[in-house]
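Thank you all for making time this morning.

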Amino acid sequence: MPPADLSPLDLLTLAVGAALFVFLVYATAGSWREGEPRATALFALLAVVVPAPYGLVGGLGFRGEGAAALVLLAVATLGLLAWLLPLGRSLRPWDDTPTTRIDERDIMFSRRLLEPGTERFAAHYRKHPAHKAPDDAFRAEPGLLGKGASAYHPLAFPAADASFWTIERLRPHVDGAVAPERVDCDPASVTTFLRHWALKLGAVSVGVTELRDYHLYTTVGRGPDWGRPVELDHTHALALAVEMDKATLDRAPLAPTVMESAQQYVASGVIAVQLADFIRRLGYPARAHIDGHYRVICPLVARDAGLGEIGRMGLLMTPGLGPRVRLAVVTTTLPLTPDGRRRDPSVTDFCLRCRKCAVACPSGAISFGDPADIAGVTRWQIDQEACFTLWCRLGTDCARCVRVCPYSHPNTLLHNLIRTGVRRSAPFRRLAIPLDDVFYGRRPAPAALPEWMECGGGP
Ligand code: SF4
Ligand code: SF4
């Protein structure tokens, strides 16, 4: 049919086919750039198969082409509505406000520091006899960055250790002397300044909340103040997140994972230490909470500061990068303007059905079930002993759960279009879960080490 003979229905069909072609070519190129061969091949195939019927029906004259065009347009419209319509937005968030505080001495990072033969060691297991058997299990493994660990790498492990060493150099500076004279600060202006400066320093998201009782540990579990009650009379907390590199995490649970984790703890820690020092120069007490030197539970603070929601794997899920972030917090008496929590029940609704992290978890630490009532709070809780024992076997911090989570995809137009649909529409959420498996695999294998890391002989 010559172009002049094309009806408005033909032209519309051709336009929709062209739009689908452009989008699918863009998705193919984006997946190729992300190093996702399976998604690249599938999008390339779809770029041929999906627009073809629109081109044929819109461009060729044949009996019944009008009806065929209407069917194709109806399919495209349904797809658009399933993505766009705010269906399922009446989801009711469950109550996840903690009613009790956590003793930092009970978490694995504190328990791993207990030395057999010491009174502290004996006292802990007298108080918590149930911890003894699982803790003996992780102590029987080579340990984090240990030489006999299964993911041992002769260069990557010392490199991660060098990053942890750097974090220790920051420790004396998490707190410090406060300038004797106060600078008068308008809360809104200084909050804006802090937010923009943190972003300029490398944070990907920043939020502020009033500091709440349940944000604080009850007792210090690490460092020279071990055993002291946590007393922090600060009123506000600023939470910041830095991105963990996607390509590196694709190698989880191999050695690059722990290098990346450690490095991003350094990056977030440096920003937090700088912000805290800046606030003290304004004449207000401030403390940075960085890896190994926390008085607050960072994911809870970050959640209440509007940075995201806490999902099945117990980590903060940010809107743009999912759990693929590292957090740090600054607490202070400087009056700031809180952002407040941005509740997004679509995240927990997605987690209810997805379970991809539970499938991929090599230690079985992540629950497949619904969230449970734990000390009056409805939430998922991972088996921290099983998770940590695996870390000690691997020598790395594993992160398979973070790597496979559909929210961890890069912050690009393609993935943000999908995230928009996931946030808005329950039908789209249901569709997105199996499609993520099809395009990226349900249990994707760890990517090979980069060439530049092979020089040490590999793991
Ligand atoms: S992998 Fe799925 S279930 Fe697990 S945290 Fe991510 S979205 Fe939730
Ligand atoms: S870090 Fe590894 S072992 Fe721990 S919960 Fe995630 S997948 Fe499981």
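Let me begin with a question: which helices each supply at least two residues of the lining of the second largest pocket? Before I answer, please keep in mind that what you see is a predicted model, and that the values I quote are computed from it.

The helices in question are α1 (8-33), α2 (37-49), α4 (65-84), α17 (413-424) and α18 (426-440), each of which gives at least two residues to that lining. Among these, α4 provides the largest share, with 9 residues. In total the second largest pocket is lined by 35 residues, and those that lie nearest its centre are Leu 20, Phe 23, Gly 79, Trp 83 and Phe 428.

Stepping back to the whole chain, the protein has 18 helices and 8 strands, and its C-alpha atoms fill a box of roughly 90 × 55 × 45 Å when taken along the principal axes. Of the 459 residues, 48% count as buried. If we consider the contacts with a separation of 6 or more, 77% of them are accounted for by residues 24 or more positions apart.

Now to the two ligands, starting with ligand 1, whose space is the largest cavity. The residues that surround ligand 1 are Arg 312, Met 313, Met 317, Phe 350, Cys 351, Cys 354, Arg 355, Lys 356, Cys 357, Cys 405, Pro 406 and Tyr 407. Helices α13 (345-354) and α14 (356-360) each supply at least two residues of this shell, and the largest share, 3 residues, comes from α13. By class, the shell around ligand 1 has 9 nonpolar and 3 charged residues, with no polar ones.

Around ligand 2 we find Cys 361, Pro 362, Ser 363, Ile 366, Cys 387, Leu 390, Trp 391, Asp 397, Cys 398, Ala 399, Arg 400 and Cys 401. Here the helices that each supply at least two residues are α15 (384-394) and α16 (400-404), with α15 giving the most, namely 3 residues. The shell around ligand 2 divides into 9 nonpolar, 1 polar and 2 charged residues.

Leaving aside residues up to four places away in sequence, Arg 111 touches Arg 105, Asp 106, His 124, Tyr 125, His 131, Asp 135, Phe 138, Arg 139, Gln 384 and Glu 385.

The other is Arg 280, which has its place in helix α11 (residues 255-281) and, at 4% relative accessibility, therefore counts as buried. With the neighbours up to four places away in sequence again left out, Arg 280 touches His 173, Val 174, Asp 175, Gly 176, Ala 177, Val 178, Ala 179, Pro 285 and Ala 286. To place Arg 280 within the model, Leu 6 and Arg 280 are 274 residues apart in sequence, and their C-alpha atoms are 71 Å apart in space.

Notes:
Residues are numbered from 1 along each chain as its sequence is written. Chains are lettered from A and ligands numbered from 1 in the order in which they are written. This is a predicted model: local features need pLDDT of at least 70, side-chain atom pairs count only at pLDDT 80 or more; totals for chains, interfaces and linings use all residues. Side-chain values use heavy atoms; hydrogens and water are left out. Helices (H or I, at least four residues) and strands (E, at least two) are DSSP runs, numbered from the N terminus. Buried means under 20% relative accessible area, exposed over 50%, partly exposed in between (1.4 Å probe, protein chains only). Contact means heavy atoms within 4.5 Å. On a 1 Å grid over the protein atoms alone, a cavity is a set of points where a 1.4 Å probe fits but cannot get out, and a pocket is an open set with protein on both sides within 12 Å along at least five of seven lines; lining residues have an atom within 4 Å of a point. A residue is near a molecule or strand if one of its heavy atoms lies within 4 Å of it. A molecule sits in a cavity or pocket if more than half of its atoms lie within 2 Å of its grid points. Ala, Val, Leu, Ile, Met, Phe, Trp, Tyr, Cys and Pro count as nonpolar, Asp, Glu, Lys and Arg as charged, and the others, Gly among them, as polar.
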